[in-house]
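Welcome, and please take a moment with the sequence and the 3D view below. We will walk through the strands and then turn to the aromatic side chains.

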Amino acid sequence: MTEHLDNAPTLLTAGEVAAIFRVDNATVNRWARQGKVRCVRTPSGGQRFDADEIRRLFGEQTGGQP
């Protein structure tokens, strides 16, 4: 069976999300625990965040400014 990854979401690490918002990784992990951002768990227990959702949240926080 062939997997099609064309429609797969781009996933970001907590560090990448932290860099976007200019916060510490621990803050991003806390947001995930509190349900403020959704994440998926990797088999090794890491967290990944949907890039589209992060861009949307960042736009809401900055009033649409990059």
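Which residue in β3 does Val40 stand opposite? Val40 faces Arg48 in that strand. Please keep in mind that this is a predicted model.

**The sheet**

The pairing of β2 with β3 (residues 47-50) is antiparallel and runs over 2 bridges. Zooming out, 3 strands make up an open sheet, ordered β1-β3-β2, with antiparallel pairing. The edges are taken by β1 (11-12) and β2 (40-41); each has a single partner strand, so one side of each has no neighbour in the sheet. Helix α3 lies across β1 and β3, and runs at about 65° to β3.

**The aromatic cluster**

Now for the rings: the whole structure contains 2 aromatic pairs. Phe21 and Trp31 are edge-to-face because their planes stand at 85°, with the ring centres 5.3 Å apart. This pair links distant parts of the chain, with Phe21 in helix α1 (residues 14-21) and Trp31 in helix α2 (residues 25-34). Phe21 and Phe58 are likewise edge-to-face, since their planes lie at 75°. Here the link runs from Phe21 in α1 to Phe58 in helix α3 (residues 51-62).

Together, Phe21, Trp31 and Phe58 make one aromatic cluster.

Methods:
Residues numbered from 1 in each chain as written. Predicted model: local features only at pLDDT ≥ 70, side-chain atom pairs only at ≥ 80, totals over all residues. Heavy atoms only, no water. Phe/Tyr/Trp six-rings, centres within 6.5 Å; stacked < 30°, edge-to-face > 60°. Helix = DSSP H or I, 4+ residues; strand = E, 2+ residues; numbered from the N terminus. Pairing = 2+ DSSP bridges. Contact = heavy atoms within 4.5 Å. Axes fitted to C-alpha atoms, helices over the stretch in contact; angles between N-to-C directions.
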